[in-house]
Each structure stands twice: as structure tokens, then as C-alpha cells.
There are 2 protein chains.
Amino acid sequence: MTMTDERHNEKMQKKQAAHEKIMANKTQEKGLLIVHTGKGKGKTSAALGMVTRAIGHGMKVGVVQFVKGAWETGEKKVFDAFPDVIEFKAMGEGFTWDTQDRARDIAVAREAWEEVKRMIADPAYRMVLADELNIVLRYDYLPLDEVMAVLTAKPADKHVIVTGRNAPEALIEAADLVTEMTMVKHPFRSGVKAQPGIEY
Amino acid sequence: MTMTDERHNEKMQKKQAAHEKIMANKTQEKGLLIVHTGKGKGKTSAALGMVTRAIGHGMKVGVVQFVKGAWETGEKKVFDAFPDVIEFKAMGEGFTWDTQDRARDIAVAREAWEEVKRMIADPAYRMVLADELNIVLRYDYLPLDEVMAVLTAKPADKHVIVTGRNAPEALIEAADLVTEMTMVKHPFRSGVKAQPGIEY
């Protein structure tokens, strides 16, 4: 069926009216606790997209990467061009299966978490990204209670983004915005390797 | 149960060995057709994260936004700082329910699509983002056959990213990497409005 232009325009007018009615009730501005989880790709990428948007608006952003650091990432090179509005800390020394040293992993996680706490407490930061914090929680490298106490007591006007698969239930409960990235199709399965611009 | 450090290290060694075996078979580098779809947030943000990574690696990227343009976006301000490696076209004049003019929407979609086609054909671009193209296809503003013919014939070394909810089945079939963003929790439901750094 081909819709005539007139019918389409009528439909769009109704849609606009409904949209405006909904948006009229959305007046609240607040700092969000945001979680990107799931097995699909895009958890970190989507957080980096938000960081890009925020610094574009002149908001100061703090980024702490818990389990990256092995690759020289493209995002770091871009963010380095905006030193006044972004502090970028790649703390994790590769994935845990590369280090095989639990005590060292815990120490690194602790150090990274102290950075996150500092950024959450400092009013200068409008957004804080704790990238792959869920992975660290999954391995019990940090006590969940301690992390949740800090996240749930964050300043009301601050956005905090936590990424990583297997987000703990308590974090999902406490969050304002939770997106699950679901893998529908992945090229690793057919022999394609990690590539710049896509994975790092 | 608390795992001892030794047991953890053994487990991680096994994990590393398995990981290396898998990665040894992943030697192929190829341009990917990537789709971000689903009702959740993060489809465009994740694409922008990939764009940020790519330009950080010095890859030239073309971005065409099909249905944005009403908001002054944060990402545009960041990408404007890298004019040599990114061409950014915000073509869409707000959402369709704001324009209520199907003929005009189709003309705008056509104009945006011509930009995408040009970037896909031009070897200078290593990555092309057709942001919200799925929405345009959903409203039949562009013929699906024509779009699929161009996407499936893209140069082998080029990454093309298509975003938007309701990705057509043919596109999912043809894609190398498909992620569905699923909404678990959304603050709009509790009266929070769209905010800079998050939605735009």
C-alpha cells in the first residue's frame, strides 16, 4: 500500500501532537547513572560517543579505563586534543588473562577506582566514565558494596557511566538508564580480527 | 567461596591459552558492514564512538545524519576540530513529525543518500556512517533495493555503519556485525528530558 502524501502528513501531525504532549511532562534535568551491559559490541563505543558529545558542549569529563591499555586507542588521540575538558586515564594493563597476576590486577583496579571516586567527588566534572568497571566487579577485584555506596551517593547533577558485560543486579537496580547490547552477528566468528576504528 | 590467588592465576593461564588459540585464526582484515538497531539508546552514540576511534587513527571518515539537525550537537563541535579527517553532514531537518511534509522529507533523504553514495565510492574515505538511515527506509523515503545494491557492493576495505531502529531484514542479512540495543530502563519514562552530552 502506498500512503498518499496527505494521509502521511495527517499521521505525522497526530504523531507530533502526541510527542509534544509526552515531552511537556519531561522537564526534569538530572545527572544520570547510566549502564551499558550485555554481550554485544558497542558498550564502550556508546559511552565514548556520549563523552564526545559532552566535551563538544564544553562539559568537563573524566574517563577511567579499567581493563584497557594494551592497545594505543584512537579515542585517546582525539581526546588528547581537548586537554581542558577531558581527563583520560587508561589504567588497566591489558585484560586479566594477559597479566595472570590477581594481586596485581586488584591493585590496578583499586588505583583506577580511586581516580573514579576523585572525579565523582570533584564538582568540576560533569560526566565520569568508569569503562569496564563491571568486569572488575565480576572478578571481585573491588567490593561491590563500596562501589555501590559511591555510585548511589553521586552528586545529583553529575552523569556517571559504567560499562562492561555482566552488570551486577544492584547496579541495574540503582541506575536511571540501562541499555543491553545484544550480539546479533559478529565478524570474529568468521575469522575477522580486531581492527582500528572498530575495536580500538 | 574465595578463590586463592594461585587458583585464579591458573584459571587465567588457561583462559589466555584458549583466547590465543581463537585469535590465531582471526587474521582477516576487512571492511565491515555494521548495523546498530533496536529500541534502546546507544545506536548513534556507539557509531560516534567508532568514528572517534577511526579519526584518532588518522582514518578519513564521512558522516551523514539523515534525521538530525534540529539540535546543535556536541559531536559536531568535536569533529569540526578535525577537518582533514572527517566530513560531517547533518542533512535531516528535524524528525519527520516536525516537518509534516512527506515530499520534502523524501527530497532531503535523497540528498543525504547521494552524499553517502559519494563517500562510499570515494577511496579516500575508510569509514562511512549513515546515521538513522533505517528510519528513512522504514518510511519508504528511499527504495530499499537501491540502498541494498549500494551497500552490498561497497569497496571491500571500507567500513560502513548504518544506525536506526527497525533495520530491514535484508540489511541484517547482508551485514557483518549487527548489534541490537535493548532498552532495559529509560529515564524519559520518569520525566527526565533530553540532555546535552547524553542525547545530543
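My entries follow, starting with the ground rules.

**Ground rules.** This is a predicted model, where local features need pLDDT of at least 70, side-chain atom pairs count only at pLDDT 80 or more, and totals for chains, interfaces and linings use all residues. Residues are numbered from 1 along each chain as its sequence is written, chains are lettered from A and ligands numbered from 1 in the order in which they are written, and side-chain values use heavy atoms, with hydrogens and water left out.

**The sheet.** I looked up the strand order first. Helices (H or I, at least four residues) and strands (E, at least two) are DSSP runs, numbered from the N terminus. I found an open sheet of twelve strands with mixed pairing, ordered β3(A)-β2(A)-β4(A)-β5(A)-β1(A)-β6(A)-β6(B)-β1(B)-β5(B)-β4(B)-β2(B)-β3(B). The edges are β3 (86-90) of chain A and β3 (86-90) of chain B, each with a single partner strand, so one side of each has no neighbour in the sheet. From one strand to the next, the twist averages 10°. Pairing here takes at least two DSSP bridges between two strands.

**Strand β4, chain A.** Is β4(A) buried or exposed? Five of the five residues in this strand (127-131) are buried, so the rest of the structure largely encloses it. Buried means under 20% relative accessible area, exposed over 50%, partly exposed in between (1.4 Å probe, protein chains only). A:Met127, A:Leu129 and A:Asp131 point one way, A:Val128 and A:Ala130 the other. On one pairing, β2 (61-65) of chain A runs parallel to β4(A) over five bridges, with A:Val61 opposite A:Met127. On another, β4(A) pairs with β5(A) in the parallel sense over four bridges, and A:Met127 stands opposite A:His159.

I checked chain B too: five bridges join its β2 (61-65) to its β4 (127-131), running parallel, and B:Gly62 has B:Val128 as bridge partner.

**Helix α7, chain A.** In α7 (144-152) I noted A:Val147, A:Met148 and A:Leu151 as buried. Seen down the helix axis, the buried residues fall within an arc of 95°, so they line one face; the arc is taken from the directions from the axis to the C-beta atoms. Their cover includes β1 (33-37), α5 (102-121), α6 (133-138), β5 (159-163) and α8 (169-174) of chain A.

**Where the α2 helices cross.** The axes of α2 (43-56) of chain A and α2 (43-56) of chain B come within 6 Å and cross at roughly 80°. That makes the two helices roughly perpendicular, a label covering 65 to 115 degrees (under 35 is roughly parallel, over 145 roughly antiparallel, the rest oblique). Axes are lines fitted to C-alpha atoms, for helices over the stretch in contact, and angles run from 0 to 180 degrees between N-to-C directions. Among the residues meeting there are A:Leu48 and A:Met50 in α2(A), and B:Leu48 and B:Met50 in α2(B).

**B:His36.** This one sits in β1 (33-37) of chain B and is buried at 2% relative accessibility. A polar atom of its side chain lies 3.0 Å from the backbone oxygen of B:Lys43. Beyond four places in sequence, its contacts (heavy atoms within 4.5 Å) include B:Met50, B:Asn134 and B:Thr179.

Most residues other than glycine have a negative phi. A:Glu132 has a positive phi of about 70°; this residue is in the loop between β4 and α6 of chain A and is buried at 11%. A:Asp140, at about 60°, lies in the loop between α6 and α7 of chain A and is exposed at 58%.

Terms used. Polar contact = N/O pair within 3.5 Å; in protein donor to acceptor, adjacent residues only side chain to side chain.
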